[in-house]
Amino acid sequence: MAKKLLALMICFFMITPLVSQAAEQSAVGSASIGTTAKKTPAEKPAKTLTAAEFAAKLNCGINLGNSLDVAHMLQYNPNMSLAEYEKGWGNPLIAQAQFTAIHNAGFQTVRIPVSWDEHLEADGTIKADFLNRVQEVVDMALASDLYVIIDTHHEDWLNLDLNKKADITKRLTVVWKQIAVRFQEYDERLVFEGLNEPRLKNSSHEWTGGTAQLQAFVNELNQTFVTTVRSAGGKNAQRFLMVCPYCHRVEEDALAALSLPEDDRLIVAVHLYQPSNFCLDTNSAKSWGADKTELQNLEQKFLLLQNYFVSKGIPVVITEFGCVNKENTQDRIRWTQDFVKYCRQFGMSYLWWDNGGDFQLLNRENGTCVYPEIVQALTK
């Protein structure tokens, strides 16, 4: 207990600094950017867990967003290096010390969003240097004794245009086949999340529960993802996989429409920024706690997840949630405490969205915590 309290007090452990920008590229692992890791990390003793038991072990986590999931950079500078690309949205290169800091703060899981789109050849082949870099980053996280989730994030080709169903399905198959083969000997600590907020972009249905046709298409893509990974060989036959409703939304029509593939090692992933004006809109509500209706509405979202999945033995993990900084730290702490209370009440693991910007908890430059009281609310 003393050790954990000390870790929280110094929040992620103090280092001065993690690595300099000049030296960071050579410090991101045993290999330079874009080279293949020399060996698969050692496995822990195998134990058969149900999906619900495994999902509970993910417990409390954080996203390392806007690093491997930067998008639309190469259209402006097609000659930028992989390192420049990774820093394109303002974050430093991912380094081992960042994962050490995450672990020392009390988190069990890290989600590493990955945008594959600009790193694909015309036929869908993932460029070797980028796939190697993703593997290197995954190895860092596993070496820090964290569970790891990777996904397909900010993919332009995953816009749910019903006129392009065949092309989208084919591209999803091609991409996940390569990912699954590359990581086929990695144990269950590595989790695949097939889609990220699959939706029809720039439409009136984008941020809703979707239409019946769009919901059905998401079901088809979930099935394609599961079938593709399961057929990729190695430990993929037993890997825990995350599937989602339309747009990862916690809306009753989206949840009711979700049809899970026949597979006993699946976890339902959702995103929950509730209420959206407090969590997402920097120009809107800054206070939390006075309006009891808002708290009841938040609870209703958890009750939906309980009724549709958890009560039936289907685990749910909230792979994104959080609230932006509006210079309202005390209100953010209270909101986080309420959110975590419901996660624990309904038995759901949860991962804060840290993008290095307005949701930031971890200073990736020096390993310190920007808001230690929020971290404590998440991890205590």
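Which backbone oxygen lies 2.7 Å from a polar atom of the side chain of threonine 109? Point 3 takes this up.

1. This is a predicted model, in which local features need pLDDT of at least 70 and side-chain atom pairs count only at pLDDT 80 or more, while totals for chains, interfaces and linings use all residues. Residues are numbered from 1 along each chain as its sequence is written, and side-chain values use heavy atoms, with hydrogens and water left out.

2. The protein chain has 13 helices and eight strands, taken as DSSP runs (helices H or I, at least four residues; strands E, at least two) and numbered from the N terminus. Of its 380 residues, 55% are buried, meaning under 20% relative accessible area with a 1.4 Å probe, protein chains only.

3. Threonine 109 belongs to strand E2 (residues 109-112). Its relative accessibility is 0%, so threonine 109 counts as buried. The oxygen asked about is that of leucine 58, 2.7 Å from the threonine 109 side-chain polar atom. Apart from neighbours within four places in sequence, threonine 109 has contacts (heavy atoms within 4.5 Å) that include Cys60, Tyr147 and Leu351.

4. Helix H12 (residues 329-345) packs against helix H13 (residues 372-379) at about 10°, with axes 9 Å apart; the axes are lines fitted to C-alpha atoms over the stretch in contact, and angles run from 0 to 180 degrees between N-to-C directions. The two helices, H12 and H13, are therefore roughly parallel (angles under 35 degrees). Among the residues making the contact are Ile333 and Val340 of H12 and Ile374 and Leu378 of H13.

Key: Buried < 20%, exposed > 50% of the residue type's maximum accessible area, 1.4 Å probe, protein only. Parallel < 35°, antiparallel > 145°, perpendicular 65-115°, else oblique. Polar contact = N/O pair within 3.5 Å; in protein donor to acceptor, adjacent residues only side chain to side chain.
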